[in-house]
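Please keep the sequence and the model at hand while going through them.

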Amino acid sequence: MASILVALLLGIIIGPLARLVLPGKQNISLIMTIVLGALGALAGSWIVGALTSMSGFNWLALIVGVVAAAVLVLIYGAVTGRSSSTTR
């Protein structure tokens, strides 16, 4: 339960970081950014926890969480059909 709460709190940080590393503008709401960031944080801590012995705050889990959230933002954009670039 504590890891879920920590993931939600880290989602506030990881979601916007994921959108910053992606090129272009993503048309995603703030709530969806936080949700995808929280899912990325959970995925990152699960992946790093499965591969290493994690104790305390792990920077690798944060980095993997940002990458996972960026992938989730890309997938969300593709599924919802929202374009990351505009045409004129």
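This is a predicted model: local features need pLDDT of at least 70, side-chain atom pairs count only at pLDDT 80 or more; totals for chains, interfaces and linings use all residues.

1. Read along the sequence, the chain follows the pattern α-α-α. Its secondary structure amounts to three helices and zero strands.

2. What share of the 88 residues in the chain is buried? Buried residues account for 30% of them. The chain exposes about 5,800 Å², and carbon and sulfur atoms supply 74% of that area. Of the contacts between residues at least 6 apart in sequence, 64% join residues at least 24 apart.

3. The largest nonpolar core deserves attention next. It has 12 residues in all: A7, I14, A18, L22, I28, L36, A41, L62, V66, A69, A70 and V73. At least two residues of this core come from each of α1 (2–21), α2 (30–51) and α3 (59–80). Which helix gives the most to this core? The answer is α3, with five residues.

4. Helix α1 also has a residue in a surface feature. A nonpolar patch on the surface is formed by L9, I12, I13, L17 and L20, which together have about 510 Å² of accessible area. One of these residues, I12, is placed in helix α1. Is I12 buried, partly exposed or exposed? Its relative accessibility is 48%, and therefore I12 counts as partly exposed. The cut-off matters here, because exposed means over 50% relative accessible area and buried means under 20%.

5. Helix α2 has 22 residues and reaches 31 Å from its first C-alpha to its last, close to the 32 Å expected at 1.5 Å a residue. Its buried residues are T33, L36, G37, A38, G40, A41, G44 and V48.

6. T33 is worth a separate look. This residue lies in helix α2. Why does T33 count as buried? T33 counts as buried because its relative accessibility is 3%. Leaving aside neighbours within four places in sequence, T33 is in contact with G11, G15, P16, R19 and I28.

7. Helix α3 can be checked in a similar manner. The 22 residues of α3 should span 32 Å at 1.5 Å a residue, and its end C-alpha atoms are 31 Å apart, which agrees. The buried residues in α3 are A61, L62, G65, V66, A68, A69, A70, V73 and G77. Among them, L62, V66, A69, A70 and V73 belong to the largest nonpolar core. Just after α3, G81 takes a positive phi of about 80°.

Notes:
Residues are numbered from 1 along each chain as its sequence is written. Side-chain values use heavy atoms; hydrogens and water are left out. A nonpolar core is a set of buried Ala, Val, Leu, Ile, Met, Phe, Trp, Tyr and Cys residues joined through side-chain atoms within 4.5 Å. Buried means under 20% relative accessible area, exposed over 50%, partly exposed in between (1.4 Å probe, protein chains only). Helices (H or I, at least four residues) and strands (E, at least two) are DSSP runs, numbered from the N terminus. Patches are made of residues with over 30% relative accessible area and no salt bridge: like charges are joined within 9 Å, nonpolar side chains (Val, Leu, Ile, Met, Phe, Trp, Tyr) within 5 Å. Accessible areas come from the Shrake-Rupley method with a 1.4 Å probe; for residues, only the protein chains shown count as cover. A salt bridge is a side-chain nitrogen of Lys or Arg within 4 Å of a carboxyl oxygen of Asp or Glu. The expected span of a helix is 1.5 Å times one less than its number of residues. Contact means heavy atoms within 4.5 Å.
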